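Have the sequence and the 3D view open as you read.

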Amino acid sequence: MKSEQRACIAGIAVALTINKNVSSIYSFELSKFIMISGTITNQNVQIYEYSHSCHVSGNSDYNGNFNLFDYGEHKHITLSVKSNKFDGYDYGSNYHFSGTINNNSVSFYDFETRKYYNFSC
C-alpha cells in the first residue's frame, strides 16, 4: 500500500472510531500532515485526499465492513473497524493490513512491507 493510502485509511479508521470527521492526519513516515475533506459515517465514506489528489468512497455492509474504492489508484480496499482495531485488504498491492487506535494515535501494520507505521490526528 502506498504511503498516502495508509494515511487515508488510518484517518478513516479514526473517524469511524471517534464518530466525527477527521480533516488531517499526521504521517510520521512522511513527516507531514495528509489533508482529508468530506464525510465519514458508519454507513458511508465520501472523502477527498489532497496529497495524491483523489477521492476515496464506499459503503458499509450490514456488518459494518466497508468496500472502498480509491479513485487515484483505481483499486478497491476493504476496511473493517471494530472498537479500537481495524483490518482490511488492499487490492492494489494484494496484501492485508491491520492496526489499532489509541485516542487519536494509530499504529498501522502493512503486510506488504512488513512494517508498522504511526499516525496521529
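## Salt bridges

A salt bridge here is a side-chain nitrogen of Lys or Arg within 4 Å of a carboxyl oxygen of Asp or Glu. With that in hand, look at Arg6, Glu29 and Asp110, which are linked in a network of salt bridges. Please keep in mind that this is a predicted model, in which local features need pLDDT of at least 70 and side-chain atom pairs count only at pLDDT 80 or more, while totals for chains, interfaces and linings use all residues. Residues are numbered from 1 along each chain as its sequence is written, and side-chain values use heavy atoms, with hydrogens and water left out.

How many salt bridges does a search of the whole structure find? The search finds three. Two of them involve arginine 6: aspartate 110 pairs with arginine 6, their closest N and O atoms being 2.8 Å apart. Aspartate 110 lies in strand 9 and arginine 6 in helix 1, so this pair ties together parts that are 104 residues apart in sequence. (Helices, H or I of at least four residues, and strands, E of at least two, are DSSP runs numbered from the N terminus.) The side chain of glutamate 29 also meets that of arginine 6 in a salt bridge, at 3.2 Å from N to O. Because glutamate 29 lies in the loop between strand 1 and strand 2 and arginine 6 in helix 1, this pair ties together parts 23 residues apart in sequence.

## Burial around the charged pairs

Glutamate 29 is partly exposed, at 35%.

There is also a salt bridge between lysine 2 and glutamate 73, with the closest N and O atoms 3.2 Å apart. Lysine 2 sits in the segment before helix 1 and glutamate 73 in the loop between strand 5 (65–70) and strand 6 (75–82), so the pair ties together parts that are 71 residues apart in sequence. Lysine 2 is partly exposed, with a relative accessible area of 46%, and glutamate 73 is partly exposed at 23%.

## The nonpolar core

A nonpolar core is a set of buried Ala, Val, Leu, Ile, Met, Phe, Trp, Tyr and Cys residues joined through side-chain atoms within 4.5 Å. The largest one has 31 residues, and those with the most contacts inside it are Ile9, Ile12, Leu68, Leu79, Phe86 and Phe108. Helix 1 supplies the largest share of this core, nine residues.

Which residues does isoleucine 9 touch, not counting those up to four places away in sequence? Contact means heavy atoms within 4.5 Å, and isoleucine 9 touches Met1, Leu68, Ile77, Leu79, Phe97 and Phe108.

Isoleucine 18 is also found in helix 1, which covers residues 3–18. Isoleucine 18 is partly exposed, with a relative accessible area of 33%. The C-alpha atoms of isoleucine 18 and asparagine 104 are separated by 8.5 Å, although these residues are 86 residues apart along the chain.

## Cysteines

A disulfide is a pair of cysteine sulfur atoms within 2.5 Å, and the structure holds zero of them. Cysteine 121 is in no disulfide either, the nearest cysteine sulfur, that of cysteine 8, being 11 Å away.

The surroundings are worth a look as well. Cysteine 54 counts as buried at 3% relative accessibility, whereas cysteine 121 is partly exposed, at 32%.

## Loop residues with positive phi

Serine 31 has a positive phi of about 55 degrees although it is not a glycine. Serine 31 lies in the loop between strand 1 (24–27) and strand 2, and at 53% relative accessibility it counts as exposed.

Asparagine 103 has a phi near 60 degrees, a positive value in a residue other than glycine. Its place is the loop between strand 8 (95–102) and strand 9 (105–110), and asparagine 103 counts as exposed at 64% relative accessibility.

Notes. Buried < 20%, exposed > 50% of the residue type's maximum accessible area, 1.4 Å probe, protein only.
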